[in-house]
Protein chains: 2
Amino acid sequence: MVSIIPPWLLNKINGIVRTAKHRDGHSSISTTRSPRMYGKAAIALVFVVLLVISYSISIGTVDLRSYFFPLLQSPAGAPPLCATNPPLRVYMYDLPRRFNVGMLDRRSSDQTPVTSRTWPPWPKNSGLKRQHSVEYWMMGSLLYEGGGEEREVVRVLDPEMADAFFVPFFSSLSFNTHGHNMTDPKTRIDRQLQIGLLEYLRESKYWKRHGGRDHVIPMTHPNAFRFLRAELNASIQVVVDFGRYPRIMSNLSKDVVAPYVHVVDSFTDDYLSDPFESRTTLLFFRGRTFRKDEGIVRVKLAKILAGYDDVHYERSIATGGNIKASSLGMRSSKFCLHPAGDTPSSCRLFDAIVSHCVPVIVSDQIELPFEDEIDYSQFSLFFSFKEALEPGFMVDQLRKFPKEKWVEMWRQLKNISRHFEFHYPPKKEDAVDMLWRQVKHKLPGVKLAVHRSQRLKVPDWWRRRR
Amino acid sequence: MVSIIPPWLLNKINGIVRTAKHRDGHSSISTTRSPRMYGKAAIALVFVVLLVISYSISIGTVDLRSYFFPLLQSPAGAPPLCATNPPLRVYMYDLPRRFNVGMLDRRSSDQTPVTSRTWPPWPKNSGLKRQHSVEYWMMGSLLYEGGGEEREVVRVLDPEMADAFFVPFFSSLSFNTHGHNMTDPKTRIDRQLQIGLLEYLRESKYWKRHGGRDHVIPMTHPNAFRFLRAELNASIQVVVDFGRYPRIMSNLSKDVVAPYVHVVDSFTDDYLSDPFESRTTLLFFRGRTFRKDEGIVRVKLAKILAGYDDVHYERSIATGGNIKASSLGMRSSKFCLHPAGDTPSSCRLFDAIVSHCVPVIVSDQIELPFEDEIDYSQFSLFFSFKEALEPGFMVDQLRKFPKEKWVEMWRQLKNISRHFEFHYPPKKEDAVDMLWRQVKHKLPGVKLAVHRSQRLKVPDWWRRRR
């Protein structure tokens, strides 16, 4: 039986027992009911307890964590999504600060590597667009060194141990910071960073090994890495949708769809006894109404939705005060409209989710985060452009939507909204943890591609099938 | 601190300590160095040990099983492939015997449902083609009720609990049994079974729910389910390759590639000190040389490979005696040739693997089982048709292949051959367990497709991208 106890543990047990004997100060061989007997009983007890536990684990009836860390379980009411073990092992490149946190405070001349202790908060009121900050939260989730909840990812410092590689370049912040539009001369700084990153990666043994296929690169702004995006197309890109890219660039099978980081405050004390009746507005929208591409639907919707007492459709731009007003509006509305904007998705959808306002999505080409785990139809309504622009149709559908069904959706929203929150320190099953799980789901496909590419003699026979 | 110890455990500890005190027979409050102190020390010790263990588990540095059950780990030298938890929950349809085991012994009129206890062995010398029996082993793996090793799959009897659904129709055996070729009149029985199965499935709530997307159907013979295969195309099909099917039917992203079930005996006592020197034949092939499609390469190879002393290329058909001869031939050869046959893959590759004979694969369109986990280039050589048919080239390459490299490949073969074995009772990481893991890897894609299809307003916007 001794052989199943690891030696270090055995030594420790003996050590503790020895110390206790020593303090005792006299021989312990006095009688058969001596203190030594208790020492033996203690060891036996430890053995029995460990045996019971290890057996229970081995036959799968006991998950130790659920005994010792009951708070690690999902909150009541939220069914746990499929937890997966073991965690993803990720190596993070050690990029110079100018590629990431250096952009958060450009006046600082600090050149020391950022650590868990010196990780800067996301600057408030800085004009930096929080909705594109997924890259910042992903980097933070790897940098964080505290203990706590078991998450989907662990950082490994030895690249040989890694399942995947994270490239901590703030590509969205670089676009948003260096030049305020596509033609601003300062945008050359963004371009230089992209060139610099490529040079850096192309010298890495691990990038070269599989052409970057097992590398994860956040690119949530539609213009992120716009000069050289095609060069990173083999990697797992973290994007918000695919609306702007051609078919050969980015796709659902290899890339990961992230939520925008919500900008309104989360409705954490949403405990009204009758949320349906207390939310007096039927349908709410505040935002820009003149948008490119499919966003043209917004002007049309403005016309279609005019003249209804219970519909709030307001043209507005994002400022501190307006965000506050949007938050209040969403919290007092049953349904929140999410029309396509410049791209199929926008931050507004996730603002609605954390406000527990049932999203009404009018965006034919939208892709949704974590959709292999989350069924959005359980808490959202979808209308095609055609349906939404049919006079009276959508409002009519919403007005006659059954109260019980709406309350059920609202309950679902309260359950799933935690998957759309970004935290530092990171939390189990928050948005970033969910993103790492998405990466994990992509890895079998990555490994298959890597192995096949190493041995295929006719690389494209597949595409040439009849 | 007490709060993190589960109450049942606390009671047990107190109980044991109480019992010990009782046996002691006298008061334990005699001195400060009394037995009671040892009892307390014992409890403290248990606490400390449990805390250390639970903390180690929580931060992911310790896997308890590896300490207490070292034998559950992979055999020495075989790096464990990525184990995944929790196991896949599979519901198996309760099909009448004529769809599966009824075909194994057609004289039997037994109509009782087959159970773990009555599971029939695969009939030896019956003329039933063992290489197409993946369907039989998959069914057995779900039916098996004994305990034992933790596997990738558990059978659930409540379909509401299932991640996936298994359809235990022996589609390959049905083709092989009912009529011996495509035009035999008896093939109508096969057709009737296919029609019957479809009728059965179409009445199932769980089939209808997602159009069969989360259903797993073995179809390893290229002619399995040949009359109605397109009707089951949404499901996860278990196939051996995609050579015969058009592009719209079956593909790597949704289907699972299975190995053929090997027919030669596994080389379990392959312990020769110098396998390289003791295997005197350089390259070995026995089999049919006239085959359809790309199999035409076999006749050409016969010409190219004639006249080499160290190459054995023999025309032969599969009979008991010939299989024995093939087995001996493979075990005494360094390399075993796997040319394309009627289809890109064949049983021969897996016979070579379990004979630890380094496969030489000449089949441009072959797809390989478990290739997201197994890198075949570590123990196989690949030649294109063009390379293989260049006079002298292949034999030259094999002759000058370094001994150390060959021995390393042979060692790899010994490690991975267990993934190509079919067992009843099933074993951890045997071929069927690996197949269930493949199914698990497909599930995120299945769920994504299910959720998207429920809410997409323009189902094919994706394909219509620029």
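In this predicted model, the sulfur of Cys347(A) lies 13 Å from the closest cysteine sulfur, which belongs to Cys336(A), and that is too far for a bond. A disulfide requires sulfur atoms within 2.5 Å. Cys347(A) is also buried, with a relative accessible area of 9%. In chain B, the closest cysteine sulfur to that of Cys347(B) is in Cys336(B), at 13 Å, again too far for a bond. Cys347(B) counts as buried at 9% relative accessibility.

**Disulfides**

Over all chains, the structure holds 2 disulfides. One of them is formed by Cys336(A) and Cys357(A). The torsion about the S-S bond of this pair is about 105 degrees, so the disulfide is right-handed. The pair links distant parts of the chain, 21 residues apart. Cys336(A) sits in strand S9 (residues 333-339) of chain A, whereas Cys357(A) is in the loop between helix H11 (347-354) and strand S10 (358-362) of chain A. Cys336(A) and Cys357(A) are buried.

Chain B has a disulfide between Cys336(B) and Cys357(B). The link of Cys336(B) and Cys357(B) is right-handed, with 105 degrees about the S-S bond. Cys336(B) belongs to strand S9 (residues 333-339) of chain B and Cys357(B) to the loop between helix H11 (347-354) and strand S10 (358-362) of chain B, so the pair ties together parts that are 21 residues apart in sequence. Cys336(B) and Cys357(B) are both buried.

| Cysteine sulfurs | Distance | Bond |
|---|---|---|
| Cys336(A) and Cys357(A) | 2.1 Å | disulfide |
| Cys336(B) and Cys357(B) | 2.2 Å | disulfide |
| Cys347(A) and Cys336(A) | 13 Å | too far for a bond |
| Cys347(B) and Cys336(B) | 13 Å | too far for a bond |

**A sheet in chain B**

Chain B contains an open sheet of 6 strands with parallel pairing, in the order S2-S1-S3-S4-S5-S6. Strand S2 (153-155) and strand S6 (256-257) of chain B are the edge strands, each pairing on one side only. Strand S3 (residues 164-166) and strand S4 (residues 215-218) of chain B run parallel and are joined by 2 bridges. Phe166(B) has Val216(B) in S4(B) as its bridge partner.

Note on methods: Residues are numbered from 1 along each chain as its sequence is written. Chains are lettered from A and ligands numbered from 1 in the order in which they are written. This is a predicted model: local features need pLDDT of at least 70, side-chain atom pairs count only at pLDDT 80 or more; totals for chains, interfaces and linings use all residues. Side-chain values use heavy atoms; hydrogens and water are left out. Helices (H or I, at least four residues) and strands (E, at least two) are DSSP runs, numbered from the N terminus. Buried means under 20% relative accessible area, exposed over 50%, partly exposed in between (1.4 Å probe, protein chains only). Two strands pair if DSSP finds at least two bridges between them.
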